[in-house]
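Please look at the sequence and structure below before reading on.

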Amino acid sequence: MHNNRASKPLGSSDLVIERGNTKWTGDATLVWEADVPEKDEYEVYLIASVDEAGGGTMLTLETETGTSELAISQTSGPFPGGENFAVSEALNFERVKLPGTVSLNAGLQLISVSTPRSDSDAVLLHFRSFELLPVSKKESIAQEEARAQAARASVDWFVETGYGLMFHWTSRTPQQDATIKPFEEAVNEFDVDRFAAMVEETGAGYVYFPIGHAEPYCPAPLESWERIHPGHTTRRDLLEELANALNAKGIRLLCYVNGPLGLGYPRYGGATPEQERAFVENFDAILTELGTRYKDKIAGYWFDTMISIFKGFPELPFEDLFNAAKVGNKDRIICLNAWIWPDVSPWQDYWAGEVQHPLDPPVNGFMKNGPSPHLPYQVLLTMEKHAWGAKETGILDPKFTAEELGAYIRDCMDNGGFVTVNLSVYQDGTVGEKALEVMRGVKERIR
């Protein structure tokens, strides 16, 4: 049970909500109206980034069956914070089991958490959610996690490659003169051979190309996509041509898919039961057609904004999503982006790693502590500071030198991780010359 549809915060004091987190200071209280599915003993998990000032804080958890005192400790992880990150503070979210269990009866009831003994003005923790795990279900949950882990495809080729590129080439990507052509016209004019040659210059071993970003367009004639998003497909199969051109150079194609936008789930707010069923039908139809059509030409998926779907739809059948994503290629690898928060499901092959700037390198291929210590380590960087794509004013200068970026990629490779670099791109498929020069320098250092 999570603080989502089944557990809604009703009120608070001295709490500031910021970017999906609640800054918790002093004597504060959160209250939920929770629909408890069945009477049981529940383990309590805190999903938060606990600052130094918050270590040792006592949380008071009150339910209709009693009161518990739960001590919390400072969290740790690879995020240093700073101006280059999406958040300036060093937020290291973890899923932390708190001591003991709480007894809950079935049905609707109030659950409150407070810090009545604290009078500190400092931020004690950046709170994301509580999870209550029924003790009677622990064994079945552990069995599912084991099945998910056993089903994962190998990421060895990813690790051996070391680094690749992502491009946010969308219906809103401008030309170099700041104009934007209609999507199908831009697809028809896209120079695949020139693009593949540019990628080869960088030494990248793989490319992420987007489907359904910014607006729900797909650069291919997918029947399922057209049915769900009428008028948003193209006659030219740009995905097929990109895969062929890149594969000919030993470069693999993966696809970025915006989960809510592309697969049809409300971006903000919860979905109705009908919308949830439609979302499941959508991802099954789209991923089945993609897999059947392209087989091993699509080596993986990077599913974006999955944390928003999970928040509103915790019963999402992740195993079904995982299996649909493997149609036509059992070795296809997928990730579910939860940003800086803990993983939404074990049914994925690697960490999405949307961090924009280098983190601490992995340890034997995995993150040490932090939000995702159980998935293979990938980080997704932006070449240009806080920029995922070209702007009407052009492409910003790189924030890395070839020496800096090459050293970080080498450090990650030596420790079992891999790095994806997002390059801003124009609608004609070209990138900034300064960024390309940095990547040429990286290739010299790595390859």
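## A residue in strand S10

His126 lies in strand S10, residues 123-134; strands are DSSP runs of E with at least two residues, helices are runs of H or I with at least four, and both are numbered from the N terminus. His126 counts as buried because its relative accessibility is 2%; buried means under 20% relative accessible area, exposed means over 50%, and partly exposed is in between, with a 1.4 Å probe and protein chains only. Leaving aside residues up to four places away in sequence, His126 touches Asn21, Thr22, Lys23, Ala48, Ser49, Asp51, Glu89, Leu91 and Phe93. Contact here means heavy atoms within 4.5 Å.

## Basis of the model

The model is predicted: local features need pLDDT of at least 70, side-chain atom pairs count only at pLDDT 80 or more, and totals for chains, interfaces and linings use all residues. Residues are numbered from 1 along each chain as its sequence is written, and side-chain values use heavy atoms, with hydrogens and water left out.

## Two residues with positive phi

Ala214 has a phi near 70°, a positive value in a residue other than glycine. Ala214 sits in the loop between strand S12 (206-211) and helix H5 (223-228). With a relative accessibility of 26%, Ala214 counts as partly exposed.

Lys295 is not a glycine either, yet its phi is positive, at about 50°. The loop that holds Lys295 runs between H8 and strand S14 (298-304). Lys295 counts as partly exposed, at 45% relative accessibility.

## Helices H8 and H10

Helix H8 (residues 273-294) packs against helix H10 (residues 318-325) at an angle of about 20°, and their axes are 8 Å apart. Axes are lines fitted to C-alpha atoms, for helices over the stretch in contact, and angles run from 0 to 180 degrees between N-to-C directions. The angle therefore makes H8 roughly parallel to H10; angles under 35 degrees count as roughly parallel, over 145 as roughly antiparallel, 65 to 115 as roughly perpendicular and the rest as oblique.

H8 and H10 cross in a right-handed way; a crossing is right-handed if the near helix is turned clockwise from the far one by less than a right angle, and left-handed if anticlockwise. On H8 the contact is made by Phe283, Asp284, Leu287 and Thr288, and on H10 by Asp320, Leu321, Ala324 and Ala325. By class, these residues are 5 nonpolar, 1 polar and 2 charged. Ala, Val, Leu, Ile, Met, Phe, Trp, Tyr, Cys and Pro count as nonpolar, Asp, Glu, Lys and Arg as charged, and the others, Gly among them, as polar.

## Helices H11 and H12

Helix H11 (residues 402-414) and helix H12 (residues 433-446) have axes 8 Å apart and pack at an angle of about 45°. H11 and H12 are therefore oblique to each other, and their crossing is right-handed.

H11 contributes Ala402, Glu403, Leu405, Gly406, Ile409, Arg410 and Met413 to the contact, and H12 contributes Val438, Met439, Gly441, Val442, Arg445 and Ile446. The contact has 8 nonpolar, 2 polar and 3 charged residues.

## The whole protein

The protein has 12 helices and 18 strands. Its C-alpha trace spans about 65 × 45 × 40 Å along the principal axes. Of the 447 residues, 55% are buried. Among contacts between residues at least 6 apart in sequence, 77% join residues at least 24 apart.
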